[in-house]
Each structure stands twice: as structure tokens, then as C-alpha cells.
Amino acid sequence: MKKKHLQRLDLIFKNEHDTEAILEKTFKRSNDDVINDLISSGLKGRGGAGFPTGLKWKLASEEETEVKYVICNADEGEPGTFKDREILSSVPHKVLAGMAVCARIIGAKKGFIYLRGEYLFLKPQLLEAIDKFHSLLDEMKVDFRVEIFLGSGAYICGEESALFESMEGKRGEPRNKPPFPTAQGYKDKPTVINNVETLAHTYSIFKYGPEKFRDLGIQDSRGSKVFSVSGDTPVPGIYELEFGMSLQKFVDDFADGDAKAVQVGGASGFCVPRKRFDKTVIGYQGKLRGTSLPTGGSMMIFNSSRSMYNVLHNYLDFFVEESCGQCTPCRVGTQQLLLGVEAVKKGEQPSSYLDKLMDLAEAMRITAKCGLGQSVANSFSSIVENFKEEMIY
Amino acid sequence: MAEKINLKIDNIAVNIDEGSTILEAAQKINIRIPTLCYHEDLCVAGNCRVCMVEQVGSDRLIPSCAMPVSEGMEIMTNSLKVRSARKQVVELLVSEHRAECTRCYKNGKCELQDLSSEYIVGENGYIDLIPLKGYSIDNFSPSIIKDDSKCIRCQRCVRTCNELQNIGALSVAYKGEHMKISSFYEKPMYEVVCTNCGQCINRCPTGALTEKTYFDEVWSALNSEKKHVVVQTAPAVRIALGEALGMPVGEIVTGKLVAALRRLGFNSVLDTDFTADLTIIEEGNELLQRLKKVLVDGDTSVKLPLTTSCSPGWVKFIEHAFPEYLENVSTAKSPQQMFGALAKTFYAKKIGVEPENMVSISVMPCTAKKYEADRPEMRSSGYKDVDYVLTTRELALMIKQAGIDFSSLPDDEYDSIMGESSGAAVIFGATGGVMEAALRTAYEVVTGREVPFKNLNITAVRGMEDVKEATIKIENVLPEWSFLEGAELKTCVAHGLSNAKKVMEAVRDGKAEYHFIEIMACPGGCLGGGGQPIPTSLAIRKQRSKAIYEEDSLKPIRKSHENPEVIHIYEEFLKEPLGEKSHELLHTHYTKRNRY
């Protein structure tokens, strides 16, 4: 029997050059109409956290402040994620158009693309796209300008409030929330900060209407999603797929036939073992049967030749290095998790020490200041739980 | 008026202003939530995660210090989830802290120690990170010791140095496992812009930042038969020492302090207040002389405004940050150093002790005084004028070591010759005190009348406001001061170095015209000094301030120029203010320093 493949979509990367028409069309509509379209489309943040985009814009639009900002978060730092790079390379105008509409709605005159430091090579072509876009805005008499702000390589600066701190010339450390960015973001002004892919999706929604987007996906997870597929796969790369697929289908299409685990959502995501492939759905948490896993797009496939101890060790190494060091659970917790798994592996600590570490990971999840520290538990617990013998022997 | 919010904490209803935090709401109903990075003098950091509480219906815990209250909120401060998470956090902190408590200066006074005794971090803790880190101790400074192995990264010191003092000597460096509190290029504290104010020490919850102690040296001197040990006590010590010895905040313990010092074996128990009075005579005359040179002689080389020079933290600050204004700083030495110079000259001769056999000790509310005593300029007697400087805390420890029951000591009195003082000297310990003392004297010198304020209390320069200004109109002057007839003397008082910076920037930018500026490096003045008992807060500083002004009001002599011992030392030794002997012993100069 011929396997039914996952549907490949071509919304984001479709080479459409009707920015002017789309902007004109959208600008003619009322702010409420546009926001309602976004809300009814079901679009949620594609960076991984999944906040409803329309609501975010609405909240910022309701702030009564003269100066506001739109920021495109292009600090794509999650291990195994490389889709924003591709979107910015091939369809930057869609991202820019999304920013311009957002600016119009919330009342911002200034936008920034916070570009990951390692993506320096993208800067020239991005500047060219911005220049072209500025000319278009001038023709349309739209008062909005976009600047590139280059990050310096810290993973934590992808966290929105750390990103603001970094842009303000301070140390990239997450802030206390509230206040949230829509009330007090960059320079303490109301700020909409959206992931690259999120902004690109708004372009499609403005063009085709919310229904087409909503028709894709399931329940709380609507539309398509760009995935970065890597690891033990014969076909690594970037794929736009419908949200809500089962992991089994994904593995059938992309793995090498020997997949023992898939890490969904990068180092800060979850590890799903083979036995749970068919019970796992890729999408935001909702009323799904089985487990639903959100992802910023990273899908790392591991086959049976891989040591999951090494995989976990690698992630922990990463967190130990990339924690900003500000809050106790993350700064010290990451070090203890790393040293702890090493000690168990070397036999310096009994295997029961893993239970203590699992408790620690849970404590980190509920006490850490930002998403980084909170999500270390995701990979740690899912790997230790499912591959315990590999941690010990 | 702010709107009121209703919430429940541990099932107790609270009604509190909108914008308050959960921590504040809990405090209102006397529920104590443990904190560590939180300090009421500083902005909220929310980084230690000790004060986490549970909000009913929410999966993750929330930091009570940083989370504003909202209507209908239900908070649990002692649920199983909260207790277990807090214990984990404390365990983690202990694992990155060199927990050699029995060897630590802060033993018994450490907030992490308190927390770990409350949350019983048992034997089965996490892996000790200390052996993996290769820490070294920075003990090059004469004032401050920085031991990173005891640091728990709460950043109170960083916030103190950057916000409260606006110095930036301490900042966060690196990230992740390497994150630490560091200085410019990781240089020792001695080589950076650190003013030695010690405010970071006052707020450090552990033993990571402490003063360099000298009580061992002082004990040896006291136990040496050959040595005559002279001690001076700063104004702000007598209203704070009690706190460190179990007495209430704001208790005046002058008499007990003197008695304790005698019991410890000091040969001469004298008072910095005496030289505080002397400072007023020298500095007051310097001000009048500068005014004369500018107003009458048109001498453009003379600089105004004149600023005070008693606070060594302020002096080092201006040397770093505004070196172009060093000529504006009064050349008068601080009371500590005037005392030191006179102790080994005038006083030594009086009591027939060879200066080389004299050990000069001071007890100060200050850590910068240790640095000041070490400055090469401070050897006018031909010896080190002040050999060792003890903080209020160190003296409290010595009193404990000696087994003295401080609170039951009978009151005693300072020795004479350099032990008498006026109320004007006592108020040196509070922000605005030097200004008030100077005005009490200068006004009278010029007009022949007392300052025109009820009971001599110049309330305009008192209090905890960031920057205070007062203008005094001078009328009906004595003939020799006719050039000041009708003049308005404009004064300014600032405390805390961030306020000092504001004032100096205003002066630099021509936005403020003052004749005389008093600046103290520490919040509240010396009473909030870096050597004072821990903890500190605005409420504590206000209590101490109240005690200082009470001590002033009780003094029979309230004006520096009426101190009989001061009058006597001019007659017998110094001859005249700003005279030859004064220049030799009581005045100094300053050094331009790097801005980083």
C-alpha cells in the first residue's frame, strides 16, 4: 500500500510580489477588521510560545502612548532551527509588509529586525530589501521605517524582554513580567514583537483572508508551519507543513526508517521516543487526544546509533553556557543537571540521584524567571524518563 | 488616590493599593515571605527566586517581590509546592556558595545561612560547585574584601553600586556558569573607580563583600605594654553601635561606648567630634576667605562653590569623576585625619608619649576611612596619622570578644584635651549636619549674632531628601565683613553618590549657583555609612538620624566655635585658623584619578 505523504504547502515561500496591492488593500480596512481577521485566522506566535498574534496587536493598539515599536524577532537561536534564515533570505518583503501593517494598526513609526549575530551574512541583502520597501512606503506616503539591529550571539537575547535589554545597550537579561511588551517593551514603550515566520504568515492572511489559513491545521493549532528538519534524515531541510500532524506521519516521511526519538522544538523542546510517535501531535496545547507538542520548528531525528545520554549532555552543555546567569534555578540548576548526569554515568552518584535531578528540573520549570530556565525541564525530563537506562549504563 | 485591590493570601483577605506587590501585601498582614535578592533600598530584581509563592490556578510559581497584586488573586505562601521549590532554590544557592560558615566573618549574620537553617539543607545536597570554579579572593583594597566563592549572584551589590551610588565599579560579567560580579577588566577593587563607600557590604546577604578587618592588629596594640593606644570615635558610631549589640535602633549609647573602650584597654578615649568642631573652624574660615577673595579681591584663581571634604568616599569619587573640580574641594582634612595628625603631635606632647610609641585608632561608621587613613598624604605627624580604622561592626565584635555586657555598662565620659565636643559636631553624622554646623559658626562670625533659626535648628538642610537647598541672607554684618552685607549664601546638601553626581553635573552645566556644598557619599550621611550595623533601610536611617539630632539638642554647647577645647588648642598650639600649623597638620590636597 502506498503511504499517504504529508501535504507540503507553499504559502510562505511562494514568490509573490504584490506587497503594494496587499498593503493598499489592508490599509483601507479598519484596524478592528484587520485585527479580527488575524484573531479569526487562529494565527499564533511561531517562535514557539504560541501567543495569539491578533490579540497581541490588539493589546498594543489599545495602549495610549505616542511612541510604539514593532520588532521582528530574527534571533533564531534554538538549536536545530533554521527556518527564519530561509524566510528572511527568500521572502523578506512579506515580513516587512507584516511589520508595516502592524505598525499602522498599533500606531508605530519605527520597526526593528533583531537579527541573530551569526546571520550577519544576511544583512546586505536584507538592507537592500528594506531600502526597496522604504521606497514603496514613501510612494504610499506611509510614515514607517525599519532598521536592523544585530545581536551578538547570546541565545537568551531571543527571549523578548532580554532582546529589548540588549537593544537598549544593556546586558541581555530577561525582565520581570508583567509588564508585558505590549504595555512596556523596547525603551519601556508598547511594543509588538513577533517571530519572522509569524509576520510572514500575516501576509498570507491579508492576501487570502483568514479562512484559508484557518482551514489548515486542527483545533487550537491553525495554519501551516515551517519546520527545520535535521538529524538522522535523508532529506534534511526546511518544509512547510500543515499544523496538527502526528509525529508518526512525520517520521514516516522524513526519517531514515530507524528513528528512535525525535526532539521536537530544539534543546528547549521535548524528546519523543518511538513508542509515542503515533500518540504525539505537533501543535499547540489544546484539547487533543494524546500529547500535543508546540515547536518553534525544530525537528531533530535520532536513529538507533545515537546515544541519548550524549544528546542530553549536549543540550545541557548548551544551557549551562547560554543561561544568562541571572536567576538561581537556571544558573545553578543547569550546572547541577549537567554535573548530575555525568556523576550518575560515571557511577559517582547512585542511579536514584536521577530522581533528585528530575525534581530539580521540575523546580526549575516552576521557578525560573524566563522561558529558558523553565523549558530546560522539557528535554531533561523527557530524555531521562524515556531513556533512563542509557543515562545509567 | 490609588485604587484598592482585594486579594487573599493564605486565605486571609488583604486590601491594598493597586501597584503593590504580593510581598508588600503579605507584609501588611504579617506574613513573612523569605527574600534574598530583594532589598528595600534597591529596585526589584526578582532573580534569586526564593520569594516564590503559588497563585491558585496557576501552574508555575510567581516571585512575590516582583508580581503586582490583582483583584481576586488567591496566593499561597506555604503550600507544599512552594516549600519544596524554595528548598530547592536554597539548596542550589548553597551548592555554589563556599559554605565554610565557621570560618566566615559573616557567620551568624548571613542571610543565606538563616535561610538554610530554616529550610534544613541536609546532607544530600547538590554537588559542591566551589572546587570546580577556581575562585580567588580580592583583598588588595584597604577597605573591601571581595570573595566570589561566597557570592550568590543576587546582584544587590551591583544595584547598590549602579543605582544608589551611580558608580558602576561592580557589574555583572559573563553568562551562564561563568556569570559573576566583576569590575572593569576584572581588576581588583583597589584599581577601579570603587570609592570604598561600603554600601555594597551593607547590602551583601553573605560574606562575599566584607570590610577588611583590623581588630587583630588593634588587639595586639592594646596588649602591648610599650604602646599608648589612642582611640577616637566618629559621631555616627554612638547612635548605631547599640544596634549591633542587641539594643534598639536609634539608641544613643555614647556613655557606654566610652566605658566599653576603656574596658577594652584603650589608654586615651577621645572623640572625633572634637576635630569635627575643628573642621568647622578651618572649613568655615576657608569658605569666608574664598568668598572674600572672589567678592572683594576679584581673584579668579579661587574656586567656588566650596565643597566639603569630610567624606572620603566623596573625595575619591570627585577625584575619579570630576577631577576638574578638585580645587573646589575644601583643603581641610576630614575630622578623622585632623585628629590623627594632632594625636601624634599636640596630644602626644601633652601627655608625654613619644609619637612612635603611640598607636592611633579610629572607630568609624565607614569603610572608606580605612582607605583614607592609608593615603600617602595622611602622614603629617611624620608617622601614619591614623594607624588602624575599625568599623562600628568591628568594634561591636571586639566588645563581644571581650565578654562585655554592653547594655549594662555605666555611662562614662571622654578624656579631656581632645574629647570635648559641641552639638554641631555630633550632627556631622547626618546628611546636612556639616552644613548646619558650618552655618551656625560662619553666620555668627560674620554677623556677631546666632543663626536666625529657632533653637539653632536649621531644618531646611535636615532630612532624607535627595538634594536639599537653603539660602541664607546675611544682614547687619560686623564691619570687617561689610563685603557680605546683604549677600545671599546659597548652599546645597546631597547624600549618596548618585545625588552627588547630579549636583556636580548641575554645577558643571551652569545650572546651579552655589557657594557651599555638603556632600556625603552614603545615603543618610555617615549614619548610613558602609561600616554601620547591618541591615540598613530608610526607616533605620531615619531612626539613627533622630538620635543624632536628639544628641545635638541635649549638648550644653551647640556651636563649634564655643567648644572650649577648640578655643584652647588655637590659643596654645594652632594659633589661628588657616595658619601655618593648620596648613602643616590639618589641610591636604587631592589627586586626579582615572575615570574607569
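Chain A, in this predicted model, is split by the domain assignment into domain 1 (19-214), domain 2 (216-303) and domain 3 (308-392).

The centres of domain 1 of chain A and domain 2 of chain A, taken over C-alpha atoms, are separated by 26 Å, and the contact between them draws on 22 residues from domain 1 of chain A and 24 residues from domain 2 of chain A. Together the two domains bury about 1,700 Å², with carbon and sulfur atoms giving 53% of that area. On the domain 1 side, the residues that lose the most area to domain 2 of chain A are A:Arg46, A:Phe82 and A:Arg214, which together account for 29% of what that side buries.

As for polar interactions here, the count between domain 1 of chain A and domain 2 of chain A is 16 residue pairs in polar contact, with both residues at pLDDT 80 or more, and 1 salt bridge. If you look at the side chains of A:Glu197 and A:Lys225, you will find them meeting in a salt bridge, at 2.6 Å from N to O. Three helices of chain A, namely α4 (83-90), α8 (196-208) and α9 (210-215), each supply at least two residues of the side of domain 1 that touches domain 2. Sorted by class, that side of domain 1 of chain A has 5 nonpolar, 9 polar and 8 charged residues.

Now to chain B, where the domain assignment gives domain 1 (4-78), domain 2 (126-210) and domain 3 (213-596). Between domain 1 of chain B and domain 2 of chain B the C-alpha centres lie 29 Å apart, and the contact takes 10 residues from domain 1 of chain B and 11 residues from domain 2 of chain B. The area buried between these two domains of chain B is about 860 Å², and carbon and sulfur atoms give 53% of it.

Across this interface of domain 1 and domain 2 of chain B there is 1 salt bridge, and one can follow the side chains of B:Arg203 and B:Asp41 as they meet in a salt bridge of 2.7 Å, N to O. Polar contact, again with both residues at pLDDT 80 or more, is found for 7 residue pairs across the interface of these two domains of chain B. The side of domain 1 of chain B that touches domain 2 of chain B divides into 7 nonpolar residues, 2 polar and 1 charged.

That leaves the interface between the chains. How many residues of each chain are in contact there? Chain B contributes 39 residues, and these are in contact with 36 residues of chain A. About 3,000 Å² is buried between chain B and chain A, 55% of it on carbon and sulfur atoms.

The count of salt bridges between chain B and chain A is 5, and one of them joins B:Lys175 to A:Glu321, whose closest N and O atoms are 3.9 Å apart. Across the same interface of chain B and chain A there are 22 residue pairs in polar contact, both residues being at pLDDT 80 or more. On the chain B side, α2 (80-95) and β8 (171-173) each supply at least two residues, and α2(B) gives the most to that side, with 8 residues. By class, finally, the side of chain B that touches chain A has 21 nonpolar, 8 polar and 10 charged residues.

Methods:
Residues numbered from 1 in each chain as written. Chains lettered and ligands numbered in written order. Predicted model: local features only at pLDDT ≥ 70, side-chain atom pairs only at ≥ 80, totals over all residues. Heavy atoms only, no water. Domains from an automatic or database assignment. Contact = heavy atoms within 4.5 Å. Buried area = accessible area lost by both parts, 1.4 Å probe. Salt bridge = Lys/Arg side-chain N within 4 Å of Asp/Glu carboxyl O. Polar contact = N/O pair within 3.5 Å; in protein donor to acceptor, adjacent residues only side chain to side chain. Helix = DSSP H or I, 4+ residues; strand = E, 2+ residues; numbered from the N terminus. Nonpolar A, V, L, I, M, F, W, Y, C, P; charged D, E, K, R; others polar.
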